[in-house]
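These are my notebook entries on one protein model.

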Amino acid sequence: MTTVDDVSLPSRVAGPDEAISAEELQLAARNHGIPLEALRYDVTPAGLHYLLIHYDIPDVDPAAHTLTVDGAVRQPLRLDLATLRELPRVTHRVTLECAGNGRALLHPRPVSQPWLVEAVGNAEWTGTPLAPLLREAGLPADAVDVVFTGADHGVERGVEQDYQRALPVADALREEVLLAYEMNGAPLLPQHGAPLRLIVPGWYGMAHVKWLRHVRVLTEPSDGYQNAVAYRLRRDADDPGVPVTRIEPRALVRPPGFPDFMSRTRVLRPGPCTVDGRAWSGHAPVTAVEVTVDGGTTWVPATLEEPNGGEWAWRRWHVEWRPTPGRYALGARATDASGRTQPVEQPWNRGGFANNLVQRVEVVVLVD
């Protein structure tokens, strides 16, 4: 008898010389990162924002779509989109980053979506705060987790499921957590969770449940797959690990000059050059960015520009550089107010999560 185990294999780590598989290439073609030149935009256009779709984009009729709030509450709620749109409306500019960003740069490589460094975007999300609805439904004193379920359905590591992710009650009640129905001033696109999605500023992308249809309050910790199995930092298959939550600090360089088509090596001519990019953290505001042009041997401080869009949005930084002919390796590292900073050598974990290793941008400066 055929079971889901026949089509959904256990997680694994690639062999020492194992190339990216056809399955990983299929994921990479389906999901996409931001083109790094798009770091020039304060707000990422919707079509350039990173995208990860776990299963299928579900066929959701906005006119019939409803959100249910139930579980351990005193008064369950059922709201359609028209009702949600009549509630107080707010907009937050929020940087989203996939928890697996940088996975393909780890050695050995965890086999999954093979992100390099581009799984990020900074958009304006409009909707209504979640917290007032939870309070209206009535949370009991012993509430522990709030589970968010999307309309997308699939199989992962042998487990058939709707995509589902939980937040601790204290995080779900943060006033900035949104039930969003617009992105960059327009209705959500299908691939970005239309008609309704969760936005959890400061957390990695797995928490921002798309195609949201159900909110359930629990009086015990959630044992759902995406909480208890998938998104955990673990050293090996037997390690229970710790949950993936907030975004680690990261700075990205907007590659200067122009690229070689295949290698993406950047080409510059000698002379003055502004090297810039974006920096963010989900733990605390970014307080400093340093830049290297020699692969991390030396570092210089960059100018960190004033926040543009609130505490949950990335910040631009820049530094002036006057290169002479030769080869260079550019990178940037961010430090936040909690004291966290980016590593030059990345600690390894089996899922390839929260990898904020300093980016490396190869640059060749031509003889003038």
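Which residue of strand 20 is the bridge partner of Leu 304? I looked up the pair and found Trp 317. I note at the outset that the model is predicted.

**Entry 1**

Leu 304 belongs to the contact between strand 19 and strand 20 (residues 315-321), where I count 2 bridges in the antiparallel sense. I then traced the sheet around these strands. It is open, has 4 strands in the order 13-16-20-19, and its pairing is antiparallel. Its edges are strand 13 (250-254) and strand 19 (303-304), each of which pairs on one side only.

I read its order as 2-1-10-5-6, which makes 5 strands, and I recorded its pairing as mixed. From one strand to the next, I note an average twist of 25°.

Strand 5 (residues 145-156) and strand 6 run antiparallel and are joined by 9 bridges. Within strand 6, I found Pro 168 opposite Asp 145.

**Entry 1: the partners of strand 17**

I looked up strand 17 (residues 286-292) and followed its pairings. With strand 21 (residues 326-336) it forms 6 bridges, and the two are antiparallel. Val 291 has Ala 332 of strand 21 as its bridge partner. Strand 17 also pairs with strand 18 (residues 300-301), again in the antiparallel sense, through 2 bridges. There I found Glu 290 bridged to Pro 301 of strand 18.

**Entry 2: strand 22 and its surroundings**

From strand 21 I moved on to strand 22. These two strands run antiparallel, with 5 bridges between them. I noted Gly 326 with Val 365 in strand 22 as its bridge partner. What is the direction of pairing between strand 15 and strand 22, parallel or antiparallel? I found strand 15 (residues 266-268) parallel to strand 22, joined to it by 3 bridges. Arg 266 stands opposite Val 363 of strand 22.

Why did I record strand 22 as largely enclosed by the rest of the structure? I did so because 4 of its 5 residues are buried, where buried means under 20% relative accessible area.

**Entry 3: the largest pocket**

I then searched for open spaces. The largest pocket holds about 1400 Å³ of space. I find 40 residues in its lining, and those closest to its centre are Leu 27, Val 111, Ser 112, Glu 156 and Arg 157. Which elements supply at least two residues each to this lining? I recorded helix 1 (22-30), strand 5 and helix 5 (225-230). Helix 1 gives the largest share, with 5 residues. By class, I divided the lining of the largest pocket into 18 nonpolar, 11 polar and 11 charged residues.

**Entry 4: the second largest pocket**

I looked up the second largest pocket and noted about 980 Å³ of space. Its lining is made up of 35 residues, with Leu 36, Leu 116, Val 117, Glu 118 and Arg 360 closest to the centre. I asked which elements give two or more residues to this lining, and found strand 21 and strand 22 (361-365). Strand 21 contributes the largest share, 3 residues. I therefore return here to the pair from Entry 4, in which 4 of the 5 residues of strand 22 are buried. The classes in the lining of the second largest pocket are 18 nonpolar, 11 polar and 6 charged residues.

**Entry 5: the cavity**

The largest cavity has about 230 Å³ of space. I listed 19 lining residues for it, and Leu 52, Arg 197, Gly 205, His 208 and Lys 210 lie nearest its centre. The lining of the largest cavity comprises 11 nonpolar, 5 polar and 3 charged residues.

Technical notes:
Residues numbered from 1 in each chain as written. Predicted model: local features only at pLDDT ≥ 70, side-chain atom pairs only at ≥ 80, totals over all residues. Heavy atoms only, no water. Pairing = 2+ DSSP bridges. Axes fitted to C-alpha atoms, helices over the stretch in contact; angles between N-to-C directions. 1 Å grid on protein atoms, 1.4 Å probe; cavity = no way out; pocket = protein on both sides within 12 Å on 5 of 7 lines; lining within 4 Å. Points joined across faces, edges and corners; volume = space filled by probe spheres on them. Nonpolar A, V, L, I, M, F, W, Y, C, P; charged D, E, K, R; others polar. Buried < 20%, exposed > 50% of the residue type's maximum accessible area, 1.4 Å probe, protein only.
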